[in-house]
Every structure is written in C-alpha cells, then in structure tokens.
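Dear colleague,

I am passing on the structure we spoke about, together with some notes on what it shows. Please have it open while you read.

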Amino acid sequence: MLDDHHINQQTDADALARAAEQWFIDTVRAGSDRIAVCLTGGSTPERLYRLLQAVDLPWERIHVFLSDERFVPPDDPRNNMSMARRALLDHVAIPTNNVHAISTETSSPEESARLYEAELKAFYGADRLDPERPLFDLVLNGMGDDGHTASLFPGSPALVEAERWAVAADAGMEPHVPRVTLTFPVLESCRASGFLVSGASKAVALDRVRKGEHVPAARLKPVGRLTWFIDRAAAGEQR
Ligand SMILES: O=C1O[C@H](COP(=O)(O)O)[C@@H](O)[C@H](O)[C@H]1O
C-alpha cells in the first residue's frame, strides 16, 4: 500500500522533472564529504538529467552508480550509462573515477554482476550492509509498464535475492537484452529514494502499487525516505 504522504504528484512530465530536480539538489547538498548517488536508466529520468546539467553541485564529491544495465556495448543507445552520460555526466565536472559504470565488456552478465558487486563493496568498505550506514545518499528508481524497477522483472528469481548485491537478469520487456541489476537490499540501502513515474502507460502498474498488490516496484522498502514523483497521466487522471 502506498501512503499519500509518499506521493509528490505533478501535472506533467516537465513539472515532475522539476520537482525531482529540487529533491535531488536538496538531498545531494545535505550529503557529507563523499556523496553516493545511484541513477537509473530508461526514458523517464532523461528530463531530470538534462535539468541537472545546469545546476551547481559538488561533482568532485559525488560518486555515480547505476541501478541496472542492459548488456549491450557502452556506446549502444540502449545502454543505460550511455544515456546518463549524454544527458548529464558529459556536461558536468565529475571526475572520471567517480563514475561507476556496470561494465558490459566482460564475458557475461554474470561476470559483470560479480565485478560490480565487488566494486560496490570496496566503495562501501564492508561486505555486509548496515542499516545505520546506508550505502547510497540517493537512489533514483524508474518503473516499467509491467511494474518492474531497475531490472527486477515480475516473476524473476532476482526479486527474492537476499545475499547478492548485483545479479544477472533476463529482460521481461523491451529491450529484450540480458541485464545486470542491483538487488533490493542494495537499492534499499539509501538515505533517500525516489521513483519517477510518468505517462498513461504506467497507470495500471501504479494503481497496483497504490493498492499494495504484488508488483516488483511495490516491494522496494528503503531504509530512508521514499518519494514517488508521479504525474497526472500516471495517476490515471488524464488520457
Ligand atoms: O528497462 C528499464 O526500464 C525501467 C523503466 O524505464 P522507463 O523507460 O519506463 O522510464 C528503468 O528504470 C530501468 O533502469 C531500465 O533498465
């Protein structure tokens, strides 16, 4: 069940991106010496990323990770990090070493997941997540039309993964390419978590989340504050 106090409803996709921009700025500016941000892929966050190009943020202290990746070459337009670079990271003064891509130039998605898990653990400085010390300052989440988040699709064994931090996953919908995804315990280890959900195609899944039905996005229970940025179309108020 999604409580109303977790919802930030805006008129349309532009207003949603602006509301999320302010949340992103406030959360990052409240961070400490090292700020860990987990971005997401897909089409919805692109507007937010473009807005953030012009914002004065302490990029030298910000480390960027990704919730999931499509196992395609780094310059493929379907690659999530490639979108984040084009829309945001190529336009700001972030040190190269602060961008933590999920490599797709390995022998398999399983190998990429293992490498990314090791990178996350090295960054965190421990093999076990401590709820008192979240891994990320901020996690951005998307939701697909089928209710998936990151690459955690309905029916996937990855939904109940409790030990691994990153796993290989099959795609439940377009684009049908193998994926690498962070798991729920890792996505939940954050001070602030925000879903960006825009457009009428998301209305059925969002309604299911609001009713507390079993869709992957509804399972996310961050240790920090959760906000759902939605627009009227996603809320089913516009056709
Ligand atoms: O495939 C993916 O889809 C979801 C949702 O994306 P959207 O295009 O509907 O906004 C996204 O969160 C995920 O990162 C991506 O790999």
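This is a predicted model: local features need pLDDT of at least 70, side-chain atom pairs count only at pLDDT 80 or more; totals for chains, interfaces and linings use all residues.

Residues are numbered from 1 along each chain as its sequence is written.

The model contains an open sheet of six strands, ordered β1-β9-β8-β5-β2-β3 with parallel pairing, where strands are DSSP E runs of at least two residues and helices are H or I runs of at least four, numbered from the N terminus, and where two strands pair if DSSP finds at least two bridges between them. At the edges lie β1 (7-10) and β3 (62-66), each of which pairs on one side only. Strands β8 (residues 190-197) and β9 (residues 225-231) pair in the parallel sense over six bridges, and G194 has T227 in β9 as its bridge partner.

Helix α4 (residues 109-124) has 16 residues. P109, S112, A113, Y116 and L120 are its buried residues, buried meaning that 20 or more other C-beta atoms, placed from the backbone, lie within 10 Å of a residue's own. These residues lie on the same side of α4, because they cover an arc of only 100 degrees around the axis, the arc being that of the directions from the helix axis to the C-beta atoms. Just after α4, G125 takes a positive phi of about 85 degrees.

Best wishes

Technical notes: The expected span of a helix is 1.5 Å times one less than its number of residues. A residue is buried if 20 or more other C-beta atoms lie within 10 Å of its own, exposed if 12 or fewer, and partly exposed in between; C-beta atoms are placed from the backbone.
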